Number of protein chains: 2
Amino acid sequence: MTADPLGPPLTRRATLSVTLNDVASLANVSPQTVSRAIRNPELVSERTVTRVQWAISTTGYVPNLAASNLASNRSKTIAAIIPTISASVFADALHGLDAVLTPHGYQLFIGATDYSIDREEELIRAFMGRRPDGLFIVGTKHTPAATLLLRKSRIPIVEAWNWTDEPIDNLVGFSNSDAIEAIVEYVVSKGYKHPTFAASLQPGDSRALDRQESFARTVARLLPGEPPRVVDSGTGVIDMDAGVRLLDIALKRHPETDVLMFASDIFAAGALLECRRRGISVPGDLAITGFGDFEISRHLLPTLTTVAVPNVEIGTRAGELLIARMSGIGEESEMVDLGFSVVARESA
Amino acid sequence: MTADPLGPPLTRRATLSVTLNDVASLANVSPQTVSRAIRNPELVSERTVTRVQWAISTTGYVPNLAASNLASNRSKTIAAIIPTISASVFADALHGLDAVLTPHGYQLFIGATDYSIDREEELIRAFMGRRPDGLFIVGTKHTPAATLLLRKSRIPIVEAWNWTDEPIDNLVGFSNSDAIEAIVEYVVSKGYKHPTFAASLQPGDSRALDRQESFARTVARLLPGEPPRVVDSGTGVIDMDAGVRLLDIALKRHPETDVLMFASDIFAAGALLECRRRGISVPGDLAITGFGDFEISRHLLPTLTTVAVPNVEIGTRAGELLIARMSGIGEESEMVDLGFSVVARESA
DNA sequence: ATGAAAGCGCTAACAC
DNA sequence: GTGTTAGCGCTTTCAT
């Protein structure tokens, strides 16, 4: 045994946990060999590997990744920054991201900005302290300081969801503007003449703003003379109750509306169910469209016309890009447009 | 300047990033003082703090938390292990957890087990390597090895969702069995005589199993002679399509059913909408109940009778327990029963 | 195939 | 109020 039976003089509280050295002395090899046996067993003789594995399970050794991180300058960690965890679209993307990263041994740090770019900056700063090997972030609008932090971070970054022509590094998303344009074109082609857009403008949610502006532009182009009617619940909350409220506002303020176009399927579902309750026929009295193609949309009665967007794929493509960049394959920043599709159903 | 103008001889690649030493030499103080100025500014003179802050922003210093972790043996990190990210109930709990932890400077590691306890064990092992200061985990059934790992981890742990009499450390949840019992009691009190339970048994999902067993027990108690009818979609998937499938199976196999009791509001919503589509009157021809009290349940037509469970609160209470334990307040393990409530609406 | 030495960037302990 | 010293547990580099 190479271990000093008295143990080293502890000048400072130790971690109290089993270390590489403990495993090494039990296995009668150097710490270095244990390290190798764990990470590159092919460089170590079979006998030694067996002995080390025995020592590991005997001692219950769990490697300290902070030490590994510090020594190797790689954390095997990915930071993910999203507006909120409890919105299924982002949860789906995280799910996709996690599914791709886990098999490669990367672990996910998650933080929610609550749609505030100041909070986002704080989060980025805090996360950078963990020296992640890659970063996933929803959105392309950041504070100047945040953008700077990201630019000089030297790690691969994927901005997601929005489209922009000047991403910081990689971009995976689709054009919210084009998607809204497409569904407006669709309803106009169906003969609707008086569309109203219904959203809940969260300060800081640039995606919602994009959609609203795109609506106005497209109406101006396709229905000259028609005002760009927009209603806003003002709270920023995206739920079915807000959909009902938006329906009320639209009905009262813009009774001429023949198609009510919601910025989310959640709103649309709430409004649609409320219409049935009130005896408003859809699409007879009023047509309705959504955004997102949530599962409920094809189950509603009538089924909901909406825009399908690639939530999970955003996560998986982002994960693949990160993996590729972190393993040195591919040096170029990529811009991946995952597109969208108008899903024509019964409600419009 | 105390800095050596030639710099130290680099025997090994440096991180290339700004370190505490860089800030210290720019501010003309010792690294220790910089550290103090960041973490306990009240121990440092105001002038020094100002100078250090200036040096930090000049250099763009971002502390390396791996090094901090290693030196201090505290990671300011919490590990959260959930069955899947894209199930709103768990996303809601994470949201609650995150909301409580963030203000205290803790960051969240997240991993999904996909309902496999073997995968869960792997995740625990990997996460323990990061030496989290606390751990949140959904479920109380783990592999023996995982249980052992958790028991000897010396960090506060919160098991959540399920109820058990022998938690590893803390427990925050409610009794799935009691909840099912309560809603069966409710429908029986309403005069229904032929209940059928509809679930999708995911191998490894002990919560679903609990519910099913509780259903059988309660039926045996309240409706003697009545068989415990259960239908199972067999896929483990929880979505509205599965709800429709379960409806089909129940209708065909157990036409005597007067109330179809779903293990999730998602199933119930799919089935309810399908009933309307087919002209089956609810609750006239068939009553329906759900589980979870999702937002959609109070918007459906008819509104859905269900059981409300405290998703977000599970996360926030867990967060509070962890914070308390990590700051040394409270040494005792706690068991928090957050309860549930039957929400009587129109569908049953 | 294995080991020895050095050091990653930070904080704890103790001095002054 | 501030500095000095000695590590935290691992990986890298270089020897053998």
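Reader: Which residue just after α1(B) takes a positive phi?

Author: This is a predicted model, in which local features need pLDDT of at least 70, side-chain atom pairs count only at pLDDT 80 or more, and totals for chains, interfaces and linings use all residues; side-chain values use heavy atoms, with hydrogens and water left out. Residues are numbered from 1 along each chain as its sequence is written, while chains are lettered from A and ligands numbered from 1 in the order in which they are written. Helix α1 of chain B takes in residues 20-27; helices (H or I, at least four residues) and strands (E, at least two) are DSSP runs, numbered from the N terminus. Just after α1(B), the residue with a positive phi, about 65°, is B:Asn28.

Reader: Which residues of helix α1 of chain B are buried?

Author: Buried stands for under 20% relative accessible area, exposed for over 50%, and partly exposed for values in between (1.4 Å probe, protein chains only). The cover over the buried residues of α1(B) includes α2 (31-39) and α3 (46-59) of chain B. The buried residues of α1(B) are B:Val23, B:Ala24, B:Ser25 and B:Ala27.

Reader: How many residues of chain A are in contact with chain B?

Author: Contact is counted between heavy atoms within 4.5 Å. On the side of chain B, 63 residues take part. On the side of chain A, the number is 63.

Reader: What is the area buried between chain A and chain B?

Author: Buried area is the accessible area (1.4 Å probe) that two parts lose on being put together, summed over both. Carbon and sulfur atoms give 52% of the area buried between chain A and chain B. A:Arg130, A:Arg131 and A:His299 supply 13% of what chain A buries against chain B, more than any other three residues. The area buried between the two chains is about 5200 Å².

Reader: Which element gives the largest share of the side of chain A that touches chain B?

Author: Across the interface, 30 residue pairs, both residues at pLDDT 80 or more, are in polar contact (N or O atoms within 3.5 Å; within protein, one must be able to donate a hydrogen and the other to accept it, and residues adjacent in sequence count only if both atoms are side-chain atoms). Among the elements of chain A that each supply at least two residues to this side are α5 (88-101), β2 (107-112) and α10 (240-253). The largest share, seven residues, comes from α4(A).

Reader: Which residue of chain A meets B:Asp241 in a salt bridge?

Author: A salt bridge is a side-chain nitrogen of Lys or Arg within 4 Å of a carboxyl oxygen of Asp or Glu. Between chain A and chain B there are two salt bridges. At 2.6 Å, N to O, the partner of B:Asp241 is A:Arg298.

Reader: Which residue in β2(B) stands opposite A:Ile110?

Author: Two strands pair if DSSP finds at least two bridges between them. β2(A) and strand β2 (residues 107-112) of chain B pair in the antiparallel sense over three bridges. Opposite A:Ile110 stands B:Leu108.

Reader: Which residue in β11(A) stands opposite A:Val172?

Author: Strand β5 (residues 170-173) of chain A is covered on both faces, with A:Asn170 and A:Val172 buried on one side and A:Leu171 and A:Gly173 buried on the other. Strand β4 (residues 157-161) of chain A runs parallel to β5(A) over four bridges, with A:Val158 opposite A:Asn170. Strand β11 (residues 335-337) of chain A is also parallel to β5(A), joined by three bridges. In β11(A), the residue opposite A:Val172 is A:Val336.

Reader: Is A:Glu121 buried or exposed?

Author: The side chains of A:Glu121 and A:Arg125 meet in a salt bridge at 2.7 Å, N to O. Both lie in helix α6 of chain A, four residues apart, about one turn of the helix. A:Arg125 is partly exposed, with a relative accessible area of 39%. At 19% relative accessibility, A:Glu121 counts as buried.

Reader: How far apart are the closest N and O atoms of B:Glu121 and B:Arg125?

Author: In chain B, both residues lie in helix α6 (residues 117-128), four residues apart. B:Glu121 is buried at 17% relative accessibility, and B:Arg125 is partly exposed at 38%. Their closest N and O atoms are apart by 2.7 Å.

Reader: What is the relative accessibility of B:Arg229?

Author: B:Arg229 meets B:Glu226 in a salt bridge at 2.5 Å, N to O. B:Glu226 counts as buried at 17% relative accessibility. B:Arg229 counts as buried too, at 5%.
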